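Here is a short tour for anyone opening this structure for the first time. Keep the 3D view handy and follow along.

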Amino acid sequence: MKYKILFLICLAVTALTVTNSCNNSEALAEGSAMPDSVSYNFNIRPIFSDKCFKCHGPDASKREAHLRLDIADSAFAALKETKGAFALVAGKPDASELYKRVSSTDTSFMMPPPESHLSALTPFEIKLIKKWIEQGAKYEKHWAFTAPKKSAIPEVSDAKWPKNEIDFFVEDKLDQLSLKPNEEADKERLLKRVSFDLTGLPPTIKMTDKFLADNSANAYEKMVDLLLQTPQYGEKMALHWLDIARYADSYGYQDDNIRTQWPWRDWVIHAFNKNIPYDQFLTWQIAGDMLPNATKEEMLATGFFRNHKYTEEGGVIPEEYRVEYLIDKTKTYGKGIMGITIECAQCHDHKYDPFSQKDYYSMLAFFNNTKEAGFEGDVSTSKPAKTPLMTLNDSDIKRTLTFINKKDTGSLTVSVMGELDTVRKTYVLNRGRYDSPTEEVAPAAPKSILNFDTTKYPRNRLGLAMWTVDKNNPLTARVFVNQVWQEFFGRGLVKTTGDFGMQGELPTHPELLDWLAVDFMEHGWDIKRLVKQIVMSATYRQSDITSPEKLEVDGENKYLSRGPRNRLPAEFVRDMVLASSGLLVTTIGGPSVKPYQPPGLWESATSGRGVLATYKQDHGDSLYRRGMYTFIKLTVPPPVMTMFDASNRDQCEVKRSKTNTPLQALIMLNDPTVLEASRVLAQKLLMQQTQPAANITTAFRLIVCRHPTDKEIKILSDYYSDQLLKFQQKKLNAESTLAVGEYPLNQKVDTNQSAALMKVIEMIYNLEESITKT
Amino acid sequence: MQKEVFEHGLNLNRRKFLSRLSLGIGSVALGSLLIPDLFSGSPEDAIMSGLPHFAPKAKRIIYLFQNGAPSQLDLFDYKPKLQEMFGQDLPESIRMGQRLTGMTANQKKFPLAGTVFKFDQYGQSRAWISELLPHTASVVDDLCIIKTMFTEAINHDPALTFFQTGAQVGNRPSMGSWVSYGLGTENKNLPAFCVLLSKGKGNGQGVYSKLWSNGFLDSFYQGVQFSSGENPVLYLNNPDAINSTDRRNMLDKLAELNDENYKEFGDPEITAKVQQYELAYRMQTAVPEVTDLNKEPESIVKMYGPECLIPGTFAANCLLARKLSENGVRFVQLYHQGWDGHDNLPSQIKGQCMDADQASAALITDLKQRGMLDETLVIWGGEFGRTNYCQGTLTKDNYGRDHHPRCFSIWMAGGGVKPGVYGETDEFGYNIAKDPVHVHDFHATVLNLMGLDHEKLTYKHQGRRYRLTDVSGNVVKGIIA
């Protein structure tokens, strides 16, 4: 729905600029003016990539008419199939076959041809190409494949607004669009925003009061520092990484039995809390087992590459799945860490980006030397971890791996990476088929990103790790900085978080992205520092009030003229409900838990085999753990989570969709978790006092994280009186209203009052603002 | 009052958008495309506004997925040769070294197992149908039996995923998600894509909610699981103590509060949220009406069989599928487990057919007598077929069959399908002799019947335009009326 409206706005803006292309043309939809200087990277390549490279790009097998347009040398060469003609003649559009064809309406001559199903270029795009050719048709290397550089901090119209470097870049862009940034958000909304962003939890009333009372210049910074030091910071930051790492508690595929990768998950939380530098964080996960004298912690980190699905289906062909696992690892590395779509080169050369099929298998070769098997037996012999695995005993956990939340004694096993003593050969697989090996390849990373210099890096996973965190690698820092930005603003500076290639969107603020990436590396890949930099910026601290003008010029808020206003991620919706009601159990880590879930979901979709055939709901504290600890059975992921757009963890995911559906409304109205929290909070408040307006105010502050307005108090108080009367008159049944959830009922408070206040609190939980980061 | 003001504001905004649009694009056409379903979709609805691509033959789909893979050789593909050569080894000239699953790859012999069931010819097409499916045989003139389906996967999970999403792995959108993405919803109170699960008496292989996942499409397009029990949709029911009037009362106050916030912040998401609560409220009334099977007349119960009144059975789901379809649900996806006959196939399949035969045929008859069959496409079939040779020990009256992806039978009915028999397998029922239909071809054909060009129904994700049919697939013209 949000998108629909945004789309309309987007369409409206584009209509004004006399174009009708609204997908993916960042640089074109922006404003209406023809740029003075047409840039290949920003204006032309997006058009070529989308409309031409499919047949005239890097994929040699699909190339038509021997014409290749993604490389200048080939694009300027004489056409092989049309004597004396050239696709491009610098300065002369009318002599350039390319221009003649894209501007033609003759279906036998025009490009792209109708049978390609690619729509014709828009008049604006054609004009851009014309001007680019007139200006010399200069090619540039793809922006994301050149190393980022710090550019000078721009001058801005209002130098008082910026609080740090980020703001200069943002304001500069707003100046160009004649937009003014918003003032800082009010303290309560700001604290809610930063608290959810740094911990995934609402601020307590005590914190809010302290912040409201603190008039010192660095009051906000004090709050930020406080939040950054809580252990919940690690949980918050881990969540996104668990999506990338497709972390789950079962093996997936048909019988979908249990596994224990959660010690790896506990490590991720620990790593963020300990603020392990990102280069080290990656190195350990890619090749911790290959470091000299590898510690158990370094080995545990490699669980990252073992989180994907494993089949336990009887009768599979092991090699088919062993290859499938390599494909998953390669994809996760490409999408999650490099921000590239290298998986497209599994069956053929990449159609848009400079990755050949050989590049793909050279990359896959890094992962091809582990002791992993394609099949270790069916579900009847299933074990909680698969070879290679690591055993963690009690003394490990007591002495070094103290962050692992293991309660019982006995050993714990985790799937990790481990190399063979010999080298397993890797081949290009024809059409990506496991049983069609062709040319042999050696492990290497794509040259088009950064030459894999074998004098610097060994040809193994450790070499891949070194190459990844080499400061000359143009992608690693940019991609991560962008992901972190997305976590705070709901949208990356590059919108296509997982695709920095030719088909990805261009950055809205390229200089800012590069500045942040370089700054991040210069300061030791310090994640907490980056996070603090973002939340301290005036850009982040803006109020999210919008105006018709801002909605019209920038409906999607990609230029950041207002603060980010986004619905909470699925897990934090749950956390908000539990935290505000006081039910939340803040234990960190440990085996995943099984809270309330509608009956029959696992049972109706199971083969009946394995220990997860039936859902055995937990009791006591396990009912009130944070959302990130809810057990994820891959074939039937927790419904509330997926309905609120959580990743189903089937594959690496770098960005969640954002939807607004009636099913979400039904959850907030009827999920026992919400109802129980309403009851518990109502009774807790009534134990202290019975004055309705005061209780409503406290509940509102706990849930919405601000003081209610008089009008809000009035509406809620009226509702309370109305409900109380109905309960007293037995028009509504108080006992059955209160009979929800396993948390004991408090018999000391009045039943009718409890039920009436519970209904009011339910209503507050259902406010749009309650589950929104304001 | 507050609500009216609120609505008014929304209308104003809508008008404002329209007036802006009219600057560049013919406002009348676009307006009529966008405004009616302003509340039902996401941007792609509008981007895909040229849909359907051509006049559809079918408006809705009911897909009776037979999970586990029914044996085509015991149901539809009659091969007397296998009975003649009972117990003899499958000739290598036929097998041609094709890959086998790990379950029979190490078998020393591949003894041919002719069916123990009787076959007869029915209807105008004189289609061969096994004695196990008397009800199906009675509606044979409405069916198009495709004998030459083939797939690439030889194990359940990838094969099922391939059928449902067009890829063996990869978290791609389900068929139902693609169709609802392309065509939207036909009604305001029910989801466009509903899923129903049942389990037969035979060997079950499990289903997975990823099969009805939206993949990279918005989660708006994911299948919504329905049941005919007391809680037909997750979280639909109000708590016992709350009735519909209370709910209405609460929602009105809630809208009032949300409006306060909208006035201050102007985020259209706030109004959208209110609309979603309204839709949820309408679903609370509409869904129980549709899922209540107890009001069905005796004649209907008789047609589907008494099991149709037991929630969660295949028969109940077939009846529910008809009701959902009747109420404008675009895609109803059933999964019925239990067809995986690796051993004791003759006795297992008898039980499966008892569960599935009558209700499947009843659905066809029921749709037909309501005049709905013409525009409802019904599909019946599994993820692959079963081998002509025996898995395990072959005796005179008992055998098992392993997975066989190289040829198998499914049927389609209604919705623009030409009744009859399509395709031929060889006399061993091992390879295709004529007119192969790949899974991608099947998808292309189904989309075509819905008025969608499978090459044009695309979604751009990770730099690439994805299709249900990946990079291949041809419409099978021979099965279209």
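## Domains of chain A

Domain bounds here come from an automatic or database domain assignment. Keep in mind, too, that this is a predicted model. For chain A, the assignment gives domain 1 (2–140), domain 2 (187–232 + 474–553), domain 3 (245–468), domain 4 (575–659) and domain 5 (670–773).

Let's pick out one pair. The C-alpha centres of domain 3 and domain 4 of chain A are separated by 25 Å. Their contact involves 26 residues from domain 3 of chain A and 21 residues from domain 4 of chain A.

## Helices around α21 of chain A

Start with helix α20 (residues 476–489) and helix α21 (residues 510–522) of chain A: their axes come within 9 Å and cross at roughly 110°. An angle from 65 to 115 degrees counts as roughly perpendicular, so that is how α20(A) and α21(A) sit relative to each other. From α20(A), the contact uses A477(A), R478(A), V481(A) and N482(A), while α21(A) brings L513(A), L516(A), A517(A), F520(A) and M521(A). Sorted by class, the residues of this contact are seven nonpolar, one polar and one charged.

Now look at helix α8 (residues 165–176) of chain A, whose axis also comes within 9 Å of that of α21(A), with a crossing of roughly 170°. Angles over 145 count as roughly antiparallel, which is therefore the label for α8(A) and α21(A). The crossing of α8(A) past α21(A) is right-handed. Here E165(A), I166(A), F169(A) and V170(A) of α8(A) touch E511(A), L512(A) and W515(A) of α21(A). This contact has five nonpolar, no polar and two charged residues.

## An oblique pair in chain A

How do helix α9 (residues 187–199) and helix α10 (residues 205–213) of chain A cross? Their axes come within 10 Å, at an angle of roughly 130°, so α9(A) and α10(A) are oblique to each other. It's a right-handed crossing of α9(A) past α10(A).

K187(A), E188(A) and L191(A) are the α9(A) residues here, and they meet M207(A), T208(A), F211(A) and L212(A) of α10(A). By class, the contact splits into four nonpolar, one polar and two charged residues.

## Where chain A meets chain B

Zooming out, 82 residues of chain A touch 74 residues of chain B. On the chain A side, α1 (2–16), α28 (662–670), α31 (710–728) and α32 (734–738) are the elements giving two or more residues. The largest share comes from α1(A), with 10 residues. The chain A side as a whole has 34 nonpolar, 33 polar and 15 charged residues.

## Chain B and confidence

Chain B is assigned domain 1 (1–36), domain 2 (51–228 + 305–479) and domain 3 (237–292). The C-alpha centres of domain 1 and domain 2 of chain B lie 44 Å apart.

The model scores ipTM 0.87 and pTM 0.86. Chain B has a mean pLDDT of 87, with 89% of its residues at 70 or more. In residues 1–48 of chain B, though, the pLDDT is below 50, and this stretch has 54 contacts in the model beyond near neighbours in sequence. Where pLDDT is low, the predicted coordinates should not be read in detail.

Technical notes:
Residues numbered from 1 in each chain as written. Chains lettered and ligands numbered in written order. Predicted model: local features only at pLDDT ≥ 70, side-chain atom pairs only at ≥ 80, totals over all residues. Axes fitted to C-alpha atoms, helices over the stretch in contact; angles between N-to-C directions. Helix = DSSP H or I, 4+ residues; strand = E, 2+ residues; numbered from the N terminus. Parallel < 35°, antiparallel > 145°, perpendicular 65-115°, else oblique. Contact = placed C-beta atoms within 7 Å. Nonpolar A, V, L, I, M, F, W, Y, C, P; charged D, E, K, R; others polar. Left-handed = near helix turned anticlockwise from the far one by under 90°. pLDDT = per-residue confidence, 0-100.
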